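Thanks for coming, everyone. I have one structure to walk you through today. Please bring it up on your screens.

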Amino acid sequence: MDTLDDVDRRIVAELRADGRLSVRALAERVRISRANAYARLERLTTRGVITGFTTTVDPVKIGLTTSAYVSLTVRQNGWRDLKERLRTIPEVRHMALTGGEFDVMLLVRAADNDALRRVVLEQLQAIPEVLGTRTFLIFEDSAN
């Protein structure tokens with residue numbers, strides 16, 4: 001696989017800052033032609049560098065006022081089944097297989113503390129592959 005050049009990196013940076021940029025605006029910001037911007041955007045998407053376009057939402061403004069990182073200790077041979085099961089829980093917004101003290105780290109966003117409690121105690125701990133959980137409340141967060 002080819003490495004990214006400086007223009008590719010600038011395209012990715014501009015799109016991370018504003019995923020709604022038109023190709024024309026992107027080309028102007030990166031200082032390349034629109035045809036070149038289209039071609040590079042297509043190549044970056046085809047190669048899997050750009051995997052999609054999303055909208056960032058303030059969780060509190062959509063009613064998700066409680067957030068937490070939940071670490072899981074799991075049976076080592078159950079990651080594939082566990083991953084699919086975790087994807088069915090709407091409050092799980094991100095999951096990562098990790099090394100170290102915990103096996104999996106989840107970002108959970110819930111309507112309130114009671115909803116978070118239900119996710120952790122009734123859903124996560126009911127999964128056979130989950131051996132233990134630890135919950136870390138988030139008081140404030142920001143994305144960069």
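First, a term we need: a salt bridge is a side-chain nitrogen of Lys or Arg within 4 Å of a carboxyl oxygen of Asp or Glu. Keep in mind that this is a predicted model. How many salt bridges does the structure hold? It holds twelve. The general idea is simple: side chains of opposite charge can pair when their charged atoms come close.

Let's take a few of them. Start with Asp5 and Arg40. They form a salt bridge, and their closest N and O atoms are 3.0 Å apart. Where do the two partners sit? Asp5 is in the segment before helix H1, which covers 6–17. Arg40 is in helix H3, residues 34–46. So this pair ties together parts that are 35 residues apart in sequence. Now, buried or exposed? Arg40 is buried, at 14% relative accessible area. Asp5 is partly exposed, at 32%. Salt bridges link Asp5, Asp8, Arg40 and Arg43.

Next, a pair within helix H1. Arg9 forms a salt bridge with Asp6, with 3.9 Å between the closest N and O atoms. The two are three residues apart in the helix, which puts about one helical turn between them. Asp6 is exposed, with a relative accessible area of 56%. Arg9 is partly exposed, at 45%.

Now to the strands. Look at S3, residues 104–110. Six of its seven residues are buried, so S3 is largely enclosed by the rest of the structure. What pairs with S3? Strand S1, residues 66–74, is joined to S3 by seven bridges, and the two run antiparallel. One example is Ala68, whose bridge partner in S3 is Val108. Strand S2 is also joined to S3, by five bridges, again antiparallel. There, Leu97 has Val104 as its bridge partner in S3.

S2 and S3 make a hairpin, with six residues between the strands. In that hairpin, Gly100 takes a positive phi near 115°.

Asp103 lies between S2, residues 92–97, and S3. Asp103 is buried, yet it has no salt bridge. For Asp103, the nearest side chain of opposite charge is Arg75, and that is 10 Å away.

So what is around Asp103? A polar atom of its side chain lies 2.7 Å from the backbone nitrogen of Val74. Leaving out residues up to four places away in sequence, Asp103 touches Leu72, Thr73, Val74, Gln76, Ala96, Leu97 and Thr98.

To recap, then. The structure holds twelve salt bridges. S3 is joined by bridges to S1 and to S2. And Asp103 is buried without a salt bridge.

Notes: Residues numbered from 1 in each chain as written. Predicted model: local features only at pLDDT ≥ 70, side-chain atom pairs only at ≥ 80, totals over all residues. Heavy atoms only, no water. Helix = DSSP H or I, 4+ residues; strand = E, 2+ residues; numbered from the N terminus. Buried < 20%, exposed > 50% of the residue type's maximum accessible area, 1.4 Å probe, protein only. Lys, Arg positive; Asp, Glu negative; His and termini not counted. Polar contact = N/O pair within 3.5 Å; in protein donor to acceptor, adjacent residues only side chain to side chain. Contact = heavy atoms within 4.5 Å. Pairing = 2+ DSSP bridges.
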